[in-house]
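Please look at the sequence and the structure first.

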Amino acid sequence: MVKFKTRYLLLELVFETERSGTLTETDVYNAIMAQIQNLHGDLGVGTVKSGMILKVVDVATNIVVVRIGAEAVNYVTTAIPFVVCIGGNGAVLMTHFIGSSIRSCEKRLLEINREALHTKLASSKTLHERRFIQEAICATTGNAATKEQQRANMCLMELFGPKDV
C-alpha cells in the first residue's frame with residue numbers, strides 16, 4: 001500500500017486596501033486555480049484539482065492553510081506569487097511555510113506571532129501597551145521576558161551558575 005504524501009502551505013492574505021464584502025474559501029480557491037490555469041494549463045489544473053484542499057481560511061487573521069499532494073506542490077507554489085485579486089479585492093498571498101504536517105504549520109504560525117509580539121513590545125510607547133503585550137506574550141509562551149532579557153539571563157547563568165534557592 002502506498003502512502004499519499006501531502007504538503008501543507010501556510011499563507012497570509014495581504015490586502016492592498018480595505019476589503020469590501022466578505023471573503024470566502026471558494027474565492028481563495030478560485031483565485032489560486034485561475035493562476036494555475038494561466039501558468040500551467042490543463043495539466044497543472046488536473047494535477048492540483050484532485051488533491052488541493054483549503055484546510056483553514058481565517059479572514060480575521062488573514063491566514064490560509066492549503067493541503068496539497070506532494071507531486072503537485074510545485075504547481076501551487078509557482079502560481080501563488082501571481083495571485084493579485086481574490087474575490088474582487090486586490091490582495092496577494094505570502095507563503096510563510098511549507099511543511100509535511102498541519103502541526104508543523106501551527107508551530108511556525110506561533111513562532112511568527114511570537115516574533116510579531118516581541119517587535120510590538122520593543123516599539124510600545126505607553127506602560128499600558130507594554131503590559132498588554134507582555135500579557136499576550138505570557139499567554140502564548142508562558143514567559144513574558146523579552147529576547148534581550150532571556151539572553152542576559154543566559155549569560156548570567158553561564159558566569160555565575162544557577163541560583164541556589
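The sections below cover the basis of the values, then the packing, then the pocket.

## Basis

The model is predicted: local features need pLDDT of at least 70, side-chain atom pairs count only at pLDDT 80 or more, and totals for chains, interfaces and linings use all residues. Residues are numbered from 1 along each chain as its sequence is written, and side-chain values use heavy atoms, with hydrogens and water left out.

## Nonpolar cores

A nonpolar core is a set of buried Ala, Val, Leu, Ile, Met, Phe, Trp, Tyr and Cys residues joined through side-chain atoms within 4.5 Å. Buried means under 20% relative accessible area, exposed over 50%, and partly exposed in between (1.4 Å probe, protein chains only). The largest core has 26 residues, and M52, V76 and I86 have the most contacts inside it. At least two residues each come from β1 (6–15), α1 (25–49), β3 (63–69), α2 (73–79) and β5 (89–99); α1 gives the most, with seven. These elements are DSSP runs numbered from the N terminus: helices are H or I of at least four residues, strands E of at least two. A second, separate core has six residues, including Y8, L10, V65 and I112.

Contact means heavy atoms within 4.5 Å. Beyond its neighbours within four places in sequence, M52 is in contact with Y29, I32, M33, V66, R67, I68 and V76. I36 lies in helix α1 and counts as buried because its relative accessibility is 0%. Residues up to four places away aside, I36 touches G41, G44, V45, V48, Y75, V76 and A79. The C-alpha atoms of I36 and Y75 are separated by 6.7 Å, although the two are 39 residues apart along the chain.

## Helix α3 and the cysteines

Helix α3 has 21 residues (102–122) and should span 30 Å at 1.5 Å a residue; its end C-alpha atoms are 31 Å apart, which agrees. The expected span is 1.5 Å times one less than the number of residues. Its buried residues are C105, I112, L117, H118 and L121.

C105 counts as buried because its relative accessibility is 2%, whereas C85 is partly exposed at 42%. With a disulfide taken as a pair of cysteine sulfur atoms within 2.5 Å, the count is zero.

## Largest pocket

The largest pocket holds about 170 Å³ of space. Its lining consists of E12, D58, T61, I63, H96, L109, I112 and N113, and α3 gives the most to it, with three residues. On a 1 Å grid over the protein atoms alone, a pocket is an open set of points where a 1.4 Å probe fits, with protein on both sides within 12 Å along at least five of seven lines; lining residues have an atom within 4 Å of a point. Points are joined across faces, edges and corners, and the volume is the space filled by probe spheres set on them.
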